[in-house]
Amino acid sequence: MCKRRRIARESCQRRRKGKTAHLLFQLFSFPILLFLSSPVSESKIIEKANVLLEALPYIQKFRSSIFVIKYGGSFMDDPNLEVRASVALDIVFLAAVGIQTVVVHGGGKAITRAMEASGIKSEWRNGMRVTNAETVKIVEQTLNSEVNKEICGIIRKSGGQPKGIAGNAVCLCEKLYGADAEGNPVDIGFVGNIKFVRTKIIKKALAEGFIPVVSPIALDEDDQPYNTNADVAAAAVASSLRARRLVFMSDVPGLLADPKDPESLISTLPVGQVEKLKRDGVIASGMIPKVDSAVKALQNGVKRIHFIDGRVQHSLLLEIFTDKGVGTEIVHGGA
């Protein structure tokens, strides 16, 4: 039984340690031999072995499961390649230990740069960016041809086998309307809400040993491209695949009981407590669409949702393969 903090209650049944050393050796024989041959102290060797042993039951548990990673945050634009490569290495690690890993990416800053280069100014209505016909072409080109290829390149350099998939090929949507202060619909242009995901294409890529990398572009029934919220797109893909885990990477450590106090991280949150936290203002602003997407994904069959800080080195591995984790997990359960 682990001790991840809960709101209102502390009971949680999570990960248990296994003892299959033979499988551990099979999975990690090369790195073990590597650090054993290095001039390090016995205590360091034991420490590294314990890290591997702690990861073992999760590797056994999650092998062949589908994980969807929402790849987004300021680390995508970090000029330090090592920062971006750290996330890619984590994704490659997941795939290497038998987890079927799907990446859905954002790209807001790249879109902004592309629009500025084209001399197009962003238009906003009630806090929402308007995507007109000219803008959606830039969005599609940027996400599918620039951002997607860059992410695939980083994963490939890290030793993985990515397969770029334009969202147009797998995501079908309907037009999404915004709302004004009175709740009246506001036309925000070619912004879509994903209604269906063609999972066959993604599953085929997984079966062939690839890491699918999907952009958040979707088509309507007339094959018109639409931009979609990457968080919502990731949740839609995870729901359609009945993923075991959906992980949102962003620029915050997770959900904080006090946004001003980084030590107030909520480690485990039963989904039944989400609405109360929204009313209390704990879940607010940019976290609302993420959490709403998480709730919907849980309702549609995803087993568990994680929120982690992509800026923290190897946060993905720390959240998935350690007993305590480093972010927030949203799980099934009441208030």
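Q: What does the secondary structure of the protein come to?
A: Ten helices and 14 strands. Keep in mind that this is a predicted model.

Q: How much confidence does the predictor have in the protein, going by mean pLDDT?
A: The mean pLDDT is 84, on a scale that runs from 0 to 100. A value of 70 or more is reached by 87% of the residues.

Q: What makes residues 5–36 a stretch to handle with care?
A: Their pLDDT stays under 50.

Q: How do you know which strands are at the edges of the open sheet?
A: Eight strands form that sheet, in the order 5-8-2-1-11-13-14-12, with mixed pairing. Strand 5 (162–165) and strand 12 (268–270) each pair on one side only, and that makes them the edge strands. Neighbouring strands of the sheet are turned by 20 degrees against each other on average, direction ignored.

Q: What makes strand 11 and strand 13 count as a pair?
A: Pairing takes at least two bridges, and six bridges join strand 11 (residues 245–250) to strand 13 (residues 304–309). The two run parallel. One of the bridges links R245 to its partner R304 in strand 13.

Q: Which strands does helix 3 lie across?
A: Helix 3 (residues 81–96) lies across strand 1 (66–71), strand 2 (100–105), strand 8 (211–214) and strand 11. Helix 3 runs at about 170 degrees to strand 1; angles over 145 count as roughly antiparallel, so that label applies here.

Q: How do you know that the buried residues of helix 4 are on the same side?
A: The residues in question are A110, I111, A114 and M115 of helix 4 (residues 108–117). They cover an arc of only 135 degrees around the axis, so they sit on the same side of helix 4. Strand 4 (128–130) and helix 5 (133–157) are among what covers them. On the face turned away from that buried side, helix 4 carries the exposed residues E116 and A117. Just after helix 4 comes G119, with a positive phi of about 75 degrees.

Q: Why are helix 6 and helix 7 called roughly perpendicular?
A: Helix 6 (residues 199–207) and helix 7 (residues 230–241) pack at an angle of about 75 degrees, with their axes 10 Å apart. Roughly perpendicular covers 65 to 115 degrees, so this pair gets that name. T199, I202 and K203 of helix 6 make the contact with V237, S240 and L241 of helix 7.

Q: How many of the residues of the protein count as buried?
A: Of the 335 residues, 48% do.

Notes: Residues are numbered from 1 along each chain as its sequence is written. This is a predicted model: local features need pLDDT of at least 70, side-chain atom pairs count only at pLDDT 80 or more; totals for chains, interfaces and linings use all residues. Side-chain values use heavy atoms; hydrogens and water are left out. Contact means heavy atoms within 4.5 Å. Helices (H or I, at least four residues) and strands (E, at least two) are DSSP runs, numbered from the N terminus. Axes are lines fitted to C-alpha atoms, for helices over the stretch in contact, and angles run from 0 to 180 degrees between N-to-C directions. Buried means under 20% relative accessible area, exposed over 50%, partly exposed in between (1.4 Å probe, protein chains only). The arc is that of the directions from the helix axis to the C-beta atoms. Angles under 35 degrees count as roughly parallel, over 145 as roughly antiparallel, 65 to 115 as roughly perpendicular and the rest as oblique.
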